[in-house]
Amino acid sequence: MKRNKRLKIITPTDTTGWMFVLPFIIGFIFLFAKPVAQSLMYSFNDVTVGQEGLVFDPIGWGNFDKMFTGDAKFIQALWSVVKEAAIKILVIMFISMFLAILLNEKFAGRLLFRAIMFLPVIFAADQVLQVFNDLGGRDELKDTTNSFFMMSGEARGFLQEIVGSFGPLSSIIEKFTGYATQLFNLLWSAGIQIILFIIGLQTIPAYLYEVAEMEGATKWETFWKITFPLLTPSILLCLIYTIIDYFNASTNSIVSMIDTNMLGNFDYACAMSWGYSVAIFILVVIVNAFLSRKVISMD
Amino acid sequence: MKRIRIKKQLNRSHTGNFLVLLMLVVVGCFMGLPMYYSIIQSFKPVEERFIFPPRFYVVNPTGANYSQLFTLVADLTVPFSRYLFNSIFVSLVSTTIGVLIGSMAAYPFAKKKFPGKNGLWRLIMLTLLFSGGVTALPSYIVKAKLGLINTYWVLILPSLASTLHMFLLRQFMLQIPDSLLDAAKLDGANDFRIFYNVVLPNVKPAFMTVVVLSFQSVWNNGSSGVIFREDLKLLPTALSQITAGGIARSGASAAASVLLMIPPIVAFVLNQSKMLQTMAHSGIKD
């Protein structure tokens, strides 16, 4: 009896939880779940536009068959997106954690640098980059920044002239301009992660560092023994966030493939979207299952 | 011995500081470039604006783009203040209610047990991964059937249940020690009180970040496709209508995009001290 009561205090299994969740769930059902469920329905039909609106003709797994066996492009694109993502997501994670640690130190002008790093968060990146888009007349972030950094033939020719004098190094420097473009894109997709890491760093109690200092630990040791372990919840959070953000970006080749199929081939686009989402979902579940055991909490 | 060590440390930290600063400056340039460029672009006269390769400086700065924008705005059938009101109203209402609903939902997902919790969470995560383009058509049908088209609601309601913001808040709430909540419970606080007085203050930086994120996304979201009444349109949509007119109005367009940056910056500046506040880990003694 007594034991029961105690358990209840620690883990309340009542339904008040539902009260808190309810407003969210109502909105969620109407504005997210319903459209998503409808798209699942579409993907099992052949959808055409008739005179009285949409006409559905059930075709079972037809669209999914086409996706995984008929359409070689989909599997190929999925594989290349996942391969590219693996590297880029790791780089984004590394960059954002590194910058967050720098920005968490005290130095003159910290506020200014923080504000600059948060620019991608303050603005929707595409809003700002719209001005760039006007230049090249293209709507993809990647292309515009490419044209931006590669500049015209002249600027590049000039660069090559300088570079040419270095002989064999020239190809490396050529690559370097490519990396600058990549870095630009990656930095612009690391904004929120930097904030999340800074918040994570600030939840680490200051007394731990004081103790470490008194014990004579070096900065290196302090990082691996205190900062890194206590940052693991933030790492998991950022990783999942980055995965979601990366795979839903409009520059992604699968997303643009889905978008081009949206017109005219709507049911197939729905099926692709489902296949894609389930694939990412499995990925997130694996990452979560694998890493959440390694997360160290403060309690 | 001791003195030497101190000297060494000082030296190291000087070069270290310099390297850190250098790196931040380089990264900062990358980050600041688009904003700097769009500001510069808005002050360029026509003949400089279309030079290719683009220039990062302006030879003859001019305010003509801004005055063109203001004359265009003055000639509107619907007064400009109406668009401004629409945007501010919609952004404030959806941010306030949306963040409240999101954080309320995040609390039980992080800290409580209730029937169906895990299944519901997986479902929410799955929709989070769903690419937005495909749901555009079904969600338009839902909005139309609910009679939301051409009302403020069509702009407000969809942002009220933001899965992403809820997910972020939930992850931060997971880190609050259970003992803190148990202590509040033992002191006789009910769930709403625990939520308001214990959970929210403990996730304040994350909460403020979500406020800024949510304001920014609503503010930048146009009303095209769901609002056809001129007097209900939002500022970005209205401005893009005015400035759509090819090269002749590209200057006004550049000026408009700079002006539209201001509110999110204000929202950030107002909140930044709270966003980046060090969270006090007081109240628990182990």
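What percentage of the 299 residues in chain A is made up of buried residues? The figure is 29%. This is a predicted model.

**Chain A**
- Chain A holds 15 helices and two strands.
- Take the contacts in chain A between residues at least 6 apart in sequence: 68% of them join residues at least 24 apart.

**Helix pair H3 and H13 of chain B**
- Helix H3 of chain B spans residues 64-74, and helix H13 of chain B spans residues 250-275.
- Their axes come within 8 Å and cross at roughly 90 degrees.
- Angles of 65 to 115 degrees count as roughly perpendicular, so H3(B) is roughly perpendicular to H13(B).
- On the H3(B) side, the contact uses B:Ala64, B:Asn65, B:Tyr66, B:Gln68, B:Leu69 and B:Leu72.
- On the H13(B) side, B:Gly251, B:Ala252, B:Ala254, B:Ala255 and B:Ala256 meet them.
- The residues of this contact divide into eight nonpolar, three polar and no charged.

**Domains of chain B**
- The domain assignment gives domain 1 as 38-75 + 249-266 and domain 2 as 79-243.
- The centres of domain 1 and domain 2 of chain B, taken over C-alpha atoms, are 33 Å apart.
- Nine residues from domain 1 of chain B and eight residues from domain 2 of chain B form the contact.
- On the side of domain 1 that touches domain 2, H3 and H13 of chain B each supply at least two residues.
- H13(B) gives the largest share of that side, with six residues.
- That side of domain 1 of chain B divides into seven nonpolar residues, one polar and one charged.

Technical notes:
Residues are numbered from 1 along each chain as its sequence is written. Chains are lettered from A and ligands numbered from 1 in the order in which they are written. This is a predicted model: local features need pLDDT of at least 70, side-chain atom pairs count only at pLDDT 80 or more; totals for chains, interfaces and linings use all residues. Axes are lines fitted to C-alpha atoms, for helices over the stretch in contact, and angles run from 0 to 180 degrees between N-to-C directions. Helices (H or I, at least four residues) and strands (E, at least two) are DSSP runs, numbered from the N terminus. Angles under 35 degrees count as roughly parallel, over 145 as roughly antiparallel, 65 to 115 as roughly perpendicular and the rest as oblique. Two residues are in contact if their C-beta atoms, placed from the backbone, lie within 7 Å. Ala, Val, Leu, Ile, Met, Phe, Trp, Tyr, Cys and Pro count as nonpolar, Asp, Glu, Lys and Arg as charged, and the others, Gly among them, as polar. A residue is buried if 20 or more other C-beta atoms lie within 10 Å of its own, exposed if 12 or fewer, and partly exposed in between; C-beta atoms are placed from the backbone. Domain bounds come from an automatic or database domain assignment.
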